[in-house]
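Here is a short briefing to read alongside the model. Keep the sequence and the 3D view open as you go.

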Amino acid sequence: MKLVIAAFAGSIVCLVTGTIIAILMQPYIAPHFGTHIRTEEQGLLFPAFLAGYFVIGATLTWVAMLTDASAKSWPWVLQTGAALGLAIFLGDHLITAGWSQLAAIPMTISGTLDALSIVASFCAIALVLKRRSVIR
């Protein structure tokens, strides 16, 4: 049960922090993407949006389990979260820029900032796993 709670906590934290980051970047980064991103009027494609965040939360929980993150120090959790975040978002954004006509520099900035949501998510997962409780 603790793993399920950790996965949902990681997913929700990633969703919330990712949304905050996206809102803050919107005026500066979105104009560089032209018609390649959804407009406010179009809204988000919620099934894909939420499923993506759940995949991230569940996978980060699996990685936290494999690496015994609950026994590691907070600096290790932060560094690992940063490494995973850069691999997930910076790597994906750069690959996407390489395959598409999206501008590489704004995609680099976006991917780097989006990586912060993975750091927050991995910290939330580690916090759940570190807690001593009746939840197993």
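Helices are DSSP runs of H or I with at least four residues, strands are runs of E with at least two, and both are numbered from the N terminus. The model is predicted, so local features need pLDDT of at least 70 and side-chain atom pairs count only at pLDDT 80 or more, while totals for chains, interfaces and linings use all residues. Residues are numbered from 1 along each chain as its sequence is written, and side-chain values use heavy atoms, with hydrogens and water left out.

**Helix α1: course and packing**

- Helix α1 covers residues 2–29. From its first C-alpha to its last, α1 reaches 38 Å with 28 residues, close to the 40 Å expected at 1.5 Å a residue; the expected span is 1.5 Å times one less than the number of residues.
- The helix α1 has a kink of about 30° at Ile23, shortly before the proline Pro27. A bend at a residue is the angle between axes fitted to the seven residues ending there and the seven starting there.
- The buried residues of α1 are Lys2, Ala6, Ala7, Gly10, Ser11, Cys14, Gly18, Ile21, Met25 and Ile29. Here buried means under 20% relative accessible area, exposed means over 50%, and partly exposed lies in between (1.4 Å probe, protein chains only).
- Those buried residues of α1 pack against α2 and α4, with contact taken as heavy atoms within 4.5 Å.

- Ser11, in helix α1, counts as buried because its relative accessibility is 7%. Leaving aside neighbours within four places in sequence, Ser11 is in contact with Tyr53, Phe54, Gly57, Ala58 and Ser121.
- Ile29 is also placed in helix α1, and its relative accessible area of 9% makes it buried. Not counting residues up to four places away in sequence, Ile29 touches Pro106, Ile109 and Ser110.
- Along the chain, Ile29 and Ala103 are 74 residues apart, and their C-alpha atoms are separated by 9.9 Å.

**The nonpolar surface patch**

- Which residues make the nonpolar surface patch of about 870 Å²? They are Met1, Val4, Ile5, Phe8, Ile12, Val16, Ile20, Leu24 and Phe54.
- The largest share of this patch, seven residues, comes from helix α1.
- Patch members have over 30% relative accessible area and no salt bridge; like charges are joined within 9 Å, and nonpolar side chains (Val, Leu, Ile, Met, Phe, Trp, Tyr) within 5 Å. Accessible areas come from the Shrake-Rupley method with a 1.4 Å probe, and for residues only the protein chains shown count as cover. A salt bridge is a side-chain nitrogen of Lys or Arg within 4 Å of a carboxyl oxygen of Asp or Glu.
- Leu24, found in helix α1, counts as exposed because its relative accessibility is 59%.

- Asp68 sits in the loop between α2 and α3. Its phi is near 55°, a positive value in a residue other than glycine.
- Is Asp68 buried or partly exposed? At 42% relative accessibility, Asp68 counts as partly exposed.
- Helix α3 (residues 74–99) has 26 residues and should span 38 Å at 1.5 Å a residue; its end C-alpha atoms are 36 Å apart, which agrees.
- At Leu86, α3 bends by about 25°.
- Buried in α3 are Val77, Thr80, Gly81, Gly85, Phe89, Leu90, His93 and Ala97, and their cover includes α2 (46–66) and α4 (104–130).
- Ala83 lies in helix α3 and, at 48% relative accessibility, counts as partly exposed.

**Phe122 in helix α4**

- Phe122 belongs to helix α4 and is buried, with a relative accessible area of 0%.
- Not counting residues up to four places away in sequence, Phe122 touches Leu60, Val63, Ala64, Ala69, Trp76, Val77, Thr80, Gly81 and Leu84.
- Phe122 and Val13 are 109 residues apart in sequence and 8.9 Å apart in space, C-alpha to C-alpha.
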